[in-house]
Structure formats: C-alpha cells, structure tokens
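Thanks for sending this one over.

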Amino acid sequence: MTDIEELFTHRPPGLERDEIRRRLDLLASQPAENGDFSVIHKLFSPDVVCEFVGDKTRIPYAGRHTGIDALLNILRAINVDFCQSEPMIDDVVIDGGRVALRRSVRWRHRGTGLEGRVDLADFVRFEHGLIVELIEFRDSISILNIQGEPSWP
C-alpha cells in the first residue's frame, strides 16, 4: 500500500458492534461529578484528535485539540462550570469503526443555577479498540441560555 492509500484507509475498529455500543453507553453515562475521568483513559487513544464545534469567543474550548490530556482538560473545565445529569442516547449509527451519535444531557450551570436539556451530536472513530477521533456539535443556544447570557448578539 502506498503512503497516500494508507492515509485514506481506515484501520479496523478492533471491536464488535455490540462492544462499540457498550462503550458509547459507558461514555455517555459518565458525568464525572466526582472528577473521576478514568474511563477516558480506557476508551480513548493517547493521541486522540477532538474537535468541539462552536464559537471560540463564547465557548473557550471550541476548536481542534490533540491528545488525551487536552481532552481531559476540556472535560474538567466543563465540569467546573456545569453539573450534568440524565444522560440519554437518542440515536446511534455504527458503520465499522465510524459512529454517529445523537444524545442529550441535562446541564445545570453552577454559577447561575439555571438548567436545561442540551442536545449533542457526536461523530466518533474507533481504531484498534480505542477512540481516535471525536467531533462534537453542541446546542450552543441552550448552553448560552443556561449560562444566563443572551444567545444572540
């Protein structure tokens, strides 16, 4: 295989479909209120690439990040601002090691006390049993409302 072919060829997920779903359920149910993010080390590659889509002026962690430490720092920052509960996976499509996931979580802002249900869309890629890529879209309007900020400039 040439270098260019390898670039466009996805490695095998290393997991059966049922195990991928079990890991997604485990990940979605981890609000980590106690600050325990150990499940992240079990599910993600050390060099995972994450992208949190959004306006960086309003969501400081928006953008592309590389490495499990960067992901953990983002999750900790979210945990400082928000209490999360009632996770729910609404839809999942699994195609080999690629996954599209629609889910929601009840978020309460620790500063304002305001809360609401936040919808998320995640696109995940597994290779050799670990998540190597995560792209997440969040309902920015709901988050801004929970933060007590106007949602439209």
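The points below go from the sheet to its helices, then to the core and the aromatic pairs.

1. A word on the basis before we start. This is a predicted model, in which local features need pLDDT of at least 70 and side-chain atom pairs count only at pLDDT 80 or more, while totals for chains, interfaces and linings use all residues. Residues are numbered from 1 along each chain as its sequence is written, and side-chain values use heavy atoms, with hydrogens and water left out.

2. Begin with the sheet. Six strands form an open sheet in the order β2-β1-β6-β5-β4-β3, and the pairing is mixed. Its edges are β2 (63–66) and β3 (82–95), each of which pairs on one side only. Neighbouring strands are turned by 20° against each other on average, direction ignored. Strands here are DSSP runs of E with at least two residues, helices are runs of H or I with at least four, and both are numbered from the N terminus; two strands pair if DSSP finds at least two bridges between them.

3. Now the two ends of that order. Strand β1 (residues 44–53) runs antiparallel to β2 and is joined to it by four bridges; C50, for instance, has H65 in β2 as its bridge partner.

4. Contact means heavy atoms within 4.5 Å, and the angles, from 0 to 180 degrees, are between N-to-C directions of lines fitted to C-alpha atoms, for helices over the stretch in contact.

5. What sits in the largest nonpolar core? It has 33 residues, and those with the most contacts inside it are I40, F44, V99, W107 and F126. The largest share, five residues, comes from α4. Such a core is a set of buried Ala, Val, Leu, Ile, Met, Phe, Trp, Tyr and Cys residues joined through side-chain atoms within 4.5 Å; buried means under 20% relative accessible area, exposed over 50%, and partly exposed in between (1.4 Å probe, protein chains only).

6. Please look at I40 in particular. I40 lies in helix α3 (residues 38–43) and counts as buried at 4% relative accessibility. Not counting residues up to four places away in sequence, I40 touches L27, I68, L71, L72 and L75.

7. Last, the aromatic rings: how many pairs does a search of the whole structure find? There are three. The F82 and W107 rings have centres 4.6 Å apart and planes at 45°, so this pair is tilted; F82 in β3 and W107 in β4 are 25 residues apart, and both are buried. F123 and F137 make an edge-to-face pair, 6.1 Å centre to centre with 90° between the planes. F123 is partly exposed at 39% relative accessibility, and F137 is partly exposed, with a relative accessible area of 39%. Rings of Phe, Tyr and Trp (its six-membered ring) pair if their centres lie within 6.5 Å; planes under 30 degrees apart count as stacked, over 60 as edge-to-face and the rest as tilted.
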